[in-house]
Amino acid sequence: MSDYRVGKSARPTRKKQGPGPAEGRRQAPAGPEPGSPPETVRSAVQWLTVDPENEGQRLDNYLMALFRGVPRSLIYRVIRKGEVRINKGRVRPDTRIRAGDQVRVPPLSQKTKEEKAPPGSRVQGVIEGAVIFENDDMLVVNKPSGIAVHGGSGLDFGLIEVLRAARPAARFLELVHRLDRDTSGLVMIAKKRSALRHLQEELRQRRVRKHYHALVEGNWPATVTIVDEPLLRFELKSGERRVRIDQSGKASRTLYQVLSVFEGYTLVQASPVTGRTHQIRVHCAHMGHPVAGDDKYMDDAGQRAFRSIGGQRLMLHARALQFELPGNGGNMELEAPWDEAFAALVDKLAGRRKSGPAGA
C-alpha cells in the first residue's frame with residue numbers, strides 16, 4: 001500500500017406573538033398528502049421575534065429564508081407597500097434586523113411542496129460517520145463522491161438535507177460553501193448564523209486555504225505551478241451548465257504542485273486562490289491534463305483508458321482546509337483521507353510508477 005493517505009479527525013425558528021389589537025390570526029391549512037400536487041396556501045398575519053443568531057441580517061434575506069415557498073417579488077412588494085413592519089415602523093428591504101425586534105408579516109401566498117420521503121437511516125449513518133470535526137459553531141464533513149451538497153435538479157436530497165434529517169433538534173444547519181457532486185472531501189457546515197457569516201466572510205477575503213488532490217491525465221510538468229486563466233459559465237443546448245476559458249470571464253487562479261508521477265497519470269495538489277465553478281477541472285483540462293474520470297472535460301478516449309485501469313469516479317478530492325474558527329478565532333487545519341476507490345487506483349498506479357522522484 002502507498003503512504004499517501006493521511007487523515008485527521010479532529011433554521012432560523014419563527015416565534016409567534018399574540019395578534020395586534022385589530023388583527024386576528026387563522027390557522028394555515030395543512031400541507032398536502034404525500035404524492036399529491038402542490039397547493040397554494042395563504043398564511044395569516046404573523047408576528048416574529050428576531051433571534052440573536054439573526055442579528056445584523058438584512059430583512060429581505062431573513063424573510064426569504066423563512067418563507068422559502070414565497071416568490072422573491074412578493075417579499076419585496078409587501079415590504080415596499082409597508083405591510084412588513086419592525087417594531088410597528090416602516091422598513092426597507094436592506095434594513096438590518098436586531099435581536100428582539102418584532103417583525104409583522106402580512107398574509108403570504110405560497111405553494112406547498114410535494115411531501116418527499118426523508119433520507120433513510122443508512123445514508124444518515126454514512127454522513128454522520130463522515131463528520132471529522134465538530135464544535136458548537138460548525139462541523140466539517142468528508143463528503144463522499146456521488147452525493148450532492150443539496151437537493152434539487154431531480155435529486156430528492158443532498159448532504160445538507162441528510163444532516164437535517166439526522167439532527168431534527170438542530171435549530172440551524174447551513175452550507176458554508178459548495179462542492180461538486182462527484183468531488184469528495186471537506187465541506188464546512190455552520191450550526192449558527194454568526195458562524196455562517198464569519199466563515200463566508202473568511203472565504204470572500206480569501207483567508208481560507210483549500211487544497212485538493214487530483215489525479216490528472218498525462219505527465220503534468222513540475223515547472224507549471226500556476227494556472228491563471230479567466231473562466232466563463234455557459235449552457236449547452238441541453239441546458240447543462242459548463243465552464244470554459246474565456247477572456248470575458250472572471251479572473252481565476254489555481255496553484256499546482258506535483259506530488260507523484262505514474263505511468264500515464266500525475267497526482268497533483270491543486271490549491272484554488274479564487275473559487276469559481278469547476279475551476280480546477282477546467283484549468284487542468286486547459287493545460288492538456290484533465291482530471292481523470294471527468295465526464296464533462298475529459299475526451300472519450302481518455303475516459304475509456306481511465307475505465308480500462310479500473311477507474312470508477314472523478315479523481316478529485318478536497319483534501320485539506322486551513323481556516324480561522326468562528327467564536328474563539330483559533331486556527332484550524334484539517335485533512336480528509338481518500339475514499340477506497342481513490343486510494344485503490346492510486347495504489348494500483350504506484351505499482352507501476354515511473355522511476356525517479358515525484359515531480360521529476
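Q: What makes up the accessible surface of the protein chain in this predicted model?
A: It comes to about 18,500 Å², and 47% of that belongs to carbon and sulfur atoms. Areas like this come from the Shrake-Rupley method with a 1.4 Å probe, and for residues only the protein chains shown count as cover. As the model is predicted, local features need pLDDT of at least 70 and side-chain atom pairs count only at pLDDT 80 or more, while totals for chains, interfaces and linings use all residues. Residues are numbered from 1 along each chain as its sequence is written, and side-chain values use heavy atoms, with hydrogens and water left out.

Q: Why is leucine 255 called partly exposed?
A: Buried means under 20% relative accessible area, exposed means over 50%, and partly exposed is in between (1.4 Å probe, protein chains only). Leucine 255 has 34% relative accessibility, so it counts as partly exposed.

Q: Why is lysine 81 called exposed?
A: Lysine 81 has 54% relative accessibility, and exposed means over 50%, so it counts as exposed. The side chain of lysine 81 also meets that of glutamate 83 in a salt bridge (3.4 Å, N to O).

Notes: Salt bridge = Lys/Arg side-chain N within 4 Å of Asp/Glu carboxyl O.
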